Amino acid sequence: MSGQEEPPSARAMAQPGDESPAQMGVRSGPLGRPDSDERASHDLATEACAALYRAYRAARFYPANHPVAVESLDALSQTFARTLDEIGSLKLTVMPEAFLFGDQAVFGGDGIRDNIAELMFRDGIRSLTFHRGIEHEEVSEFVWTLVRAQEIGREEQDLATILWDCDFAHLDYSVTDPLLEGDDWEGKGQVLERFRADLLDKAAHPEHIDLGTPTATGPGEAGSLDDPANSIIMQEFSSEAISGQLENEPDVLFEFLEVLTEVLVTGSTDEEVGSASKAISDVLSSYLDWGEFGSLTLAVRRLQSISETTPARSTEITGILDGLASPDALRKSIFELDGKLAERRPQLEELLYLLRHAAYPSLVELLAEAGGKTSRKCILNVCTMGEGVPLPLVTAKMNDPRWYVVRNMVFMLGALGDPEAGSHLEGALDHPDERVRREAVRSLSGLGGPRANYLITSSLTDPAPSVRILAARALARLGQPDAAAAILTQITSKDFPGRDDTEVEVFFEALGEVADDRALPFLQDLWGGKTFLRSKPMAIRLGALKAMGRMATPEAMDILARASRAGDEELRRQARRSLLEAERRAANR
Amino acid sequence: MSRPIARDTATDAFERRLVHMLSGALRTAEFHERDNQVAVEGVDGLYRALRERTETLGATAISTRNRHVFVDGERVRMGASDYLNLTSFIKTLDRWGVGSLTVLPGITRDELTAFIYGVARGRRDGDLATLQKRLIRDNVRSVELGAPTEEGFAEDPESLPVRTYGSCLEVMGELHTAIVGNRQIRTRRVRRVTQSVVDQMMRDEYALLALTTIKRFDDHLFSHSTNVAVLSVALGQRLGLQKSQLGELCLAAFMHDLGKIAVPKGILDKPGTLDDHEREEINQHPIHSVHILLNQGNLSQSTLRAIIGGFEHHINFDMSGYPLLSHKKGLTLFGRIITLADRFDAISTPRVYRETSFTPHQAIRHVIEHAGTQFDPELVGVFVRMIGLYPPGTVVGLSSGDVAVSIQPGQGDRSVDRPLVRIIKGNDIGVSRDLSETDDAGDYPLSIVGVYNPGNEGLFPAMDPESLRHF
C-alpha cells in the first residue's frame with residue numbers, strides 16, 4: 001500500500017520507533033489492489049499491526065507505569081476493539097519479516113527495528129488470531145510477553161512456550177512442529193520409527209500374541225467395586241483441598257533447597273556434592289538478594305545442624321556460609337536498611353548473628369562503609385551481641401587511611417565495652433581528623449575506668465574546640481573529681497577567655513560537676529571579675545557562678561548568696577538562678 | 001475502546017454460580033436418574049437461576065473458547081478451585097462439538113431437564129447435529145446450540161495424540177544424547193512437547209492414555225518418561241490443576257528419570273537380582289537427576305520443580321524409599337503424583353530382568369493395596385477413578401468368550417470396573433463394547449470373567465487401529 005494515505009492511528013502518537021505502515025515497508029500483496037471491503041479490512045488490520053508495534057516499542061523502552069507505555073497499550077486495545085468489531089477475527093500469518101492479512105502484507109519489511117514479525121517467526125509462531133472480545137488485560141499481557149521474549153535465554157524458553165503459559169482466551173496462535181528443528185543426533189528418527197512399527201503391528205495383529213491362561217475375576221473379587229479393598233476408589237476428594245495443598249506448599253525455592261541439602265548429605269561423588277553446594281549458595285544468595293531473611297535463617301540453621309551431624313560435609317557448608325557472609329553478599333541487604341527497608345533490621349540481625357563467625361570480618365568491613373544510622377546500628381548490634389566481634393578484627397582497621405573507617409572502628413571499640421579497647425583508642429586521640437578524635441572521646445566515655453578517664457582528660461587540651469567540649473561533657477557526666485584540676489587549668493589559662501561561649505559554658509558546667517571546695521577561690525576570683533589589667537569577660541564571670549551552682553556545697557552557696565546582691569543585673573540574676581540550682585541539688589543529696 | 005468497565009462483583013458471582021450449576025447438573029445427570037433427589041435439586045436450582053437471568057436480561061449465551069467459559073461474551077473469572085468443574089463442563093460440550101448454548105426466555109423446567117439429560121447421557125458417538133436432533137425430538141425449543149468458533153489448530157485432531165506421543169519419544173532421545181555427550185539440554189524443545197501433551201490431554205485425555213499402553217523395553221527410558229508425563233498430567237488434570245501447573249508437572253514428570261542415564265546400562269538392564277553395590281547405584285539415580293539438571297543452569301521455577309520431582313519420585317508417602325533422607329519431612333504434590341505415575345507404569349512394563357510383568361489390572365491392585373504407605377491415598381482414589389480397575393491396555397476375557405482389550409474406563413464413577421473394551425479375539429474382532437451398558441431389565445449383558453497376562457510379549461495398544469491411519 002505504498003503511497004496510500006497514512007491511517008489516522010499511525011499519525012496520532014509520536015513515540016520511539018514510530019514508523020507509519022508505509023514507512024514500515026508495508027506493500028500490496030501478490031494479488032494487487034483489493035476491492036473496497038477487502039481494502040477496508042486490510043486498512044484496519046494495518047492499523048492494528050501498527051498499534052501493536054508502537055505498544056511493543058513503548059513497552060520495551062519505558063517502564064510499565066510510564067504514561068507513554070500506558071497510553072500506547074490503551075490505544076492498542078481501542079484499535080483492536082474497533083478492528084474486531086468490524087471484521088470479527090484478525091488472523092495474521094507470520095512471515096519471516098512481515099504479517100500477512102489474507103495474502104496482503106499489513107506489517108513488516110526490511111530494515112524495521114525490533115521487527116515483531118521476525119521475533120515471532122524466529123520462535124516458531126506461524127499465525128496469530130485475535131478474536132472479538134479481547135480484553136485490555138490480554139492485550140497488555142501479550143505485548144509484555146513479546147518484550148519478555150526478547151530478554152529470556154532462548155535455550156530455556158521462547159515466545160511459543162511463554163504464550164502457552166499465558167493461556168489467552170481471545171488469542172490463538174499456531175506453532176511449527178517442535179520436531180522440525182533441533183540437533184541431529186544418533187538415532188534421530190529411529191525411536192519414532194520403532195514406535196510406529198510396534199504400534200501398528202500390535203494394534204493391527206493382536207491375534208499373533210500368545211495370551212496364556214486368564215486369571216479369573218468377577219463380582220465380589222478384586223476386579224470389582226464390590227471388593228471392600230476398593231472402597232478407597234469411591235472416597236470423595238476436594239479439588240479445593242488439592243489446590244490448597246499446592247498453594248500452601250513452601251515456596252518452590254525452599255523445597256529445592258531441601259532437596260539440595262539432602263543431596264549434599266547423600267551425594268556419592270565429589271561432582272554431585274559440588275554441584276549441590278554451588279546451587280545451595282545460589283539459592284541462599286537469591287534469598288539474601290530478595291530480603292527473604294526468614295527462609296534464609298531457616299536454611300542456615302539447617303546447614304549448621306548438618307555440619308554438626310555430618311562432619312564430612314562441614315568443609316562444603318563452611319564454604320557456603322563463608323560465601324553468604326562475604327561483604328559483597330551482605331552489602332546490599334545491610335545498606336538497604338537505611339532506605340525504606342529499615343523494618344527488616346530485626347530479621348537481618350537474627351540472620352547475621354547466626355552467621356556471625358563467618359560474617360564478623362565482613363561486618364567490620366561494611367561498618368567502615370556504613371553511612372546510615374540503621375545499617376550501623378544493625379552491624380553494631382550484631383558485633384556486640386554475645387561474645388562480640390574479636391578485637392583484632394577491629395583494631396586491624398585502626399590505621400586505615402580513610403578517616404571514616406577509623407571513626408567507625410573507634411565507634412565499635414566503644415560499643416564492645418572491652419576494657420582492652422582503651423589502649424587502641426588512645427592512638428585514635430592523636431588522629432589528624434578531629435571527627436575521629438571526637439568519636440574516640442565518646443567511646444572512651446562509654447568504656448569508663450581510670451585509663452579512659454585519664455585519656456579523656458588529656459583531650460581537654462585537644463586543638464579542636466569540638467573535641468575539648470566533648471571531653472569536658474564526658475568528664476562532667478562521669479563525675480571525675482580527678483579531672484577538676486585539669487579543667488580548672490584550662491579555665492584559668494590565658495587563651496580561655498577568648499574561646500567560644502559554648503566551650504566556656506561547657507567547661508564551667510563540667511567543673512561544677514567534678515570540683516570540690518578547693519576550686520572555690522578560683523571561681524570567686526573569676527566571678528568577681530577584676531584582674532590586674534582588665535575586667536574578666538562576662539561569659540567567664542557567669543560561668544563561674546554556674547559552676548558553683550552545680551557544686552552546691554555550703555561554701556559555694558554562701559558565695560552565690562553574696563553574688564546575688566552584686567551591682568550588675570545580669571550577674572545578680574545568674575547568681576540567684578545558680579543559688580536555686582544549688583539548693584535543689586543539696587536537697588536531693 | 002477504553003479499559004473494560006469494572007464489572008459488578010455480584011454479576012460476576014452470579015455468572016460463576018450459573019456455570020457451576022450447569023456443570024453440576026450435567027455431571028449429576030451422568031450418574032443419577034431424573035427423579036433422583038440430588039438430580040432434581042440440581043435442575044431446580046439451575047432453572048431458577050436461568051429464569052431469573054433470562055427474564056431480566058433476555059436470552060443468555062454460554063460459550064467456550066480456549067478452555068475459558070463466557071456468559072454473554074464476558075469471560076467468567078474462575079479460581080483454581082473451579083477448574084475441575086470448568087474442565088468437566090467444557091469437555092461435555094466438546095464431546096458434542098458444541099461451542100455455545102443460548103437459553104431463551106420462557107424456558108420450561110421440563111425443557112431444561114430434557115436438555116440436561118440429552119447432553120449428559122450422550123455417549124462417545126455424538127456430534128452437534130445428533131444432539132440437535134435429539135433435543136428437537138425431546139421438545140427442547142428454548143436452548144439453541146452453536147458450533148465452536150474457529151480454533152487456531154489446523155492439524156488433524158486424530159493424528160495429534162500419536163504425533164504428540166512420538167514427539168516426546170524423539171525429544172527424550174535427544175535429551176539422552178545431549179546428556180551423554182555432556183551438552184546443553186534444549187529445555188525449550190522439551191517444554192514445547194510437554195506443553196503439547198497438556199494441550200492434547202485437555203482435548204482428550206484417553207487418546208494419550210491409550211498410547212501409554214505401548215511399553216517398549218529396548219527404549220524403556222523414552223517410553224517410560226513419556227508415559228509418566230502423560231499419566232501425571234492426566235492425574236493432575238483430574239485433581240483440578242490449572243494449565244500452567246499442568247505444564248510444570250508434565251515437564252517434571254518427563255524429566256524425572258534422567259538420572260538413570262548416569263547409571264551403567266549393564267546394571268539397569270541386568271537380568272536377575274542386583275547385588276548391594278548395584279542396588280546402591282540404582283538408588284543414586286534420583287540424585288543423579290538433580291545433578292544433571294543442576295548442571296544445565298537456567299534454574300527457572302519449572303526446572304526447580306523438575307529437580308524436586310526427580311529427587312522425590314522414589315520416596316514413598318510414608319517417607320520410606322530412597323534416597324534416604326536426613327531431614328526432609330514431606331513430599332510435594334508433584335512428587336506424590338509422579339511417584340504414583342512412575343510406579344504404576346514401571347510395574348506394568350515388561351523388563352528384561354523379570355519373566356512377567358504385572359498386568360495393568362494387577363498394577364492398579366498394587367497401587368490400591370499400597371495407598372497410605374507408598375502412595376498418597378487421596379491421589380490413589382482419583383487415579384483409579386481416572387483409569388479404572390481395568391486400566392487401558394488390560395487384556396480381559398469376557399463372559400461372551402471373546403477376548404478384549406480395555407480402552408478406557410466406564411463412564412461415571414460407579415463404572416470404574418466396567419470399561420469400554422475392543423474385542424481382539426473371538427467374534428466381532430475390532431468391535432468396541434461398553435461394559436457399563438445395561439439391557440432393558442437393568443442387567444449387564446457382558447462382563448469381565450478373567451484377565452490375561454501377555455507378559456513380555458508386550459501389552460496391547462488400547463486404541464482402534466483405524467485411528468492410526470494418519471500415523
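**A tour of chains A and B**

Select helix 2 of chain B, residues 37-57: this helix lies across strand 1 (60-65) and strand 4 (100-103) of chain B and runs at about 110° to strand 1 of chain B. Helices (H or I, at least four residues) and strands (E, at least two) are DSSP runs, numbered from the N terminus. Axes are lines fitted to C-alpha atoms, for helices over the stretch in contact, and angles run from 0 to 180 degrees between N-to-C directions.

The model is predicted: local features need pLDDT of at least 70, side-chain atom pairs count only at pLDDT 80 or more, and totals for chains, interfaces and linings use all residues. Residues are numbered from 1 along each chain as its sequence is written, while chains are lettered from A and ligands numbered from 1 in the order in which they are written.

Next, display the sheet in chain B, an open one of five strands in the order 3-2-1-4-5 with antiparallel pairing. Strands pair if DSSP finds at least two bridges between them. Strand 3 (74-75) and strand 5 (143-146) of chain B are at the edges; each has a single partner strand, so one side of each is left without a neighbour in the sheet. Strand 2 (residues 68-71) of chain B is joined to strand 3 of chain B by two bridges, and the two run antiparallel. Select V71(B) to find E74(B) opposite, in strand 3 of chain B.

Now colour chain B by domain: domain 1 covers 9-146, domain 2 covers 160-387 and domain 3 covers 395-468, with bounds from an automatic or database domain assignment. Between the C-alpha centres of domain 2 and domain 3 of chain B there are 28 Å.

Turn to chain A, where five strands form an open antiparallel sheet in the order 3-2-1-4-5. Strand 4 (residues 125-131) and strand 5 of chain A run antiparallel and are joined by five bridges. Select T129(A), whose bridge partner in strand 5 of chain A is D172(A). Helix 3 (residues 67-87) of chain A packs on the sheet, touching strand 1 (89-94) and strand 4 of chain A.

Finally, select L363(A), I487(A), L511(A) and L235(B), the residues with the most contacts inside the largest nonpolar core, which has 200 residues. Such a core is a set of buried Ala, Val, Leu, Ile, Met, Phe, Trp, Tyr and Cys residues joined through C-beta atoms within 7 Å; a residue is buried if 20 or more other C-beta atoms, placed from the backbone, lie within 10 Å of its own.

Methods: A residue is buried if 20 or more other C-beta atoms lie within 10 Å of its own, exposed if 12 or fewer, and partly exposed in between; C-beta atoms are placed from the backbone. Two residues are in contact if their C-beta atoms, placed from the backbone, lie within 7 Å.
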